[in-house]
Amino acid sequence: MRDQSSTAIHKLSIALLGLWTALWLGANLLWLQQDRILRDGDEEGHVGAAELFREDLRGGQLLSFLERAFVGDMGDYPSLYPAVLGGWWWASGAGEPGVASVRALGLLWVLLAALATARIATRSGRPGAASLAFLATTLLPLPVGLARHFMPEGMLVAAVPLALWAAMRLGERPGLGRSLVLGLALGLGLLIKQTFLLLVLPGLAFILLAARPPLRALLPALLLSAGLAGPWTLAHLAEQARYGVDSALASGEGAAWAHLLYYPAALALLVCGPVLGLAALGALPGLRACRARRLALAWLLGGLLLLT
């Protein structure tokens, strides 16, 4: 009887999440149809790059598309985001990128992040944790707002939890398939933006150090990720080293305490917002599994430390 009750609750929660997802998508698509915000300079750069990828596909130049995506020089960042955007734009058949069908790509990143975060949350040992994680992710102010703009950071919102979910699956049951999935997630994440490494490293290190998968299980992931991200990185090594040094040495006009408080304040006020931020802090002590609590803290505090 207890198993039947658990199954019924599980089915009900899935149905409610499906309903919520439909409502969430409908509300955001309606917003995109009404929104007439002007794109800023950074967005125009990404849209311009995406148009080149779209023209490759319209002309049947698949090799040019792939070369531009994985090796080409499209600015300071790798080119996976404009490549995906250009492919989506081409597939939609839209004439210009400001229409809702093209801009809706950003909503996909939030939903993928919600799915991956929910799957990670199942390891917490708390009933309903996955549903709450999915719901909370779709309500985060900054990612949802970012989904309306043509920026690679929106894609990072999905790439980081997807990579950590892949790492958890590999740690739980090492195998070639799961190792290749992790390698794919890491390689593609690095091709979105270089800061992917800062965002994923603390959680990834914690997962792998706790699970200690054998080296033979990690090797395919390392080789695949290097094979995907290596060509672009090596082709732009000198520029990236200079860019990294300039970024590390740059200091704003604010005082030292302002620099130290910037990311915690942004997390509390912009990323989560006060309501979800306080709820998350209140939930941490209640995580039943010590490992899940430590992962949450490593992911949160480690990322803040590296960014700071």
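Tutor: In this predicted model, the axes of helix α10 (residues 176–190) and helix α12 (residues 215–235) come within 7 Å and cross at roughly 30 degrees. Helices are DSSP runs of H or I with at least four residues, numbered from the N terminus. Axes are lines fitted to C-alpha atoms over the stretch in contact, and angles run from 0 to 180 degrees between N-to-C directions.

Student: Why is α10 called roughly parallel to α12?

Tutor: Angles under 35 degrees count as roughly parallel, over 145 as roughly antiparallel, 65 to 115 as roughly perpendicular and the rest as oblique. The crossing angle is roughly 30 degrees, and therefore α10 is roughly parallel to α12.

Student: Which residues make the contact between α10 and α12?

Tutor: On the α10 side they include L176, L180 and L184, and on the α12 side they include A217, L224 and L228. Contact means heavy atoms within 4.5 Å. By class, 14 residues in the contact of α10 with α12 are nonpolar, four are polar and none is charged. Ala, Val, Leu, Ile, Met, Phe, Trp, Tyr, Cys and Pro count as nonpolar, Asp, Glu, Lys and Arg as charged, and the others, Gly among them, as polar.

Student: How many cavities of 30 Å³ or more does a search of the whole structure find, and what makes a space a cavity rather than a pocket?

Tutor: The search finds two such cavities. On a 1 Å grid over the protein atoms alone, a cavity is a set of points where a 1.4 Å probe fits but cannot get out, while a pocket is an open set with protein on both sides within 12 Å along at least five of seven lines; lining residues have an atom within 4 Å of a point. The largest cavity has a volume of about 80 Å³, a volume being the space filled by probe spheres set on grid points joined across faces, edges and corners. It is lined by 14 residues, and Y81, R103, G106, H149 and F150 are the closest to its centre.

Student: Which residues line the second largest cavity?

Tutor: They are G106, W109, V110, P143, L146, A147, G154 and V157, around a space of about 30 Å³. Six are nonpolar, two are polar and none is charged.

Student: Which element gives the largest share of the lining of the second largest pocket?

Tutor: α1 does, with seven residues of the 19 in the lining. The volume of this pocket is about 520 Å³, and H10, S13, I14, A130 and S131 lie nearest its centre.

Terms used
Residues numbered from 1 in each chain as written. Predicted model: local features only at pLDDT ≥ 70, side-chain atom pairs only at ≥ 80, totals over all residues. Heavy atoms only, no water. Helix = DSSP H or I, 4+ residues; strand = E, 2+ residues; numbered from the N terminus.
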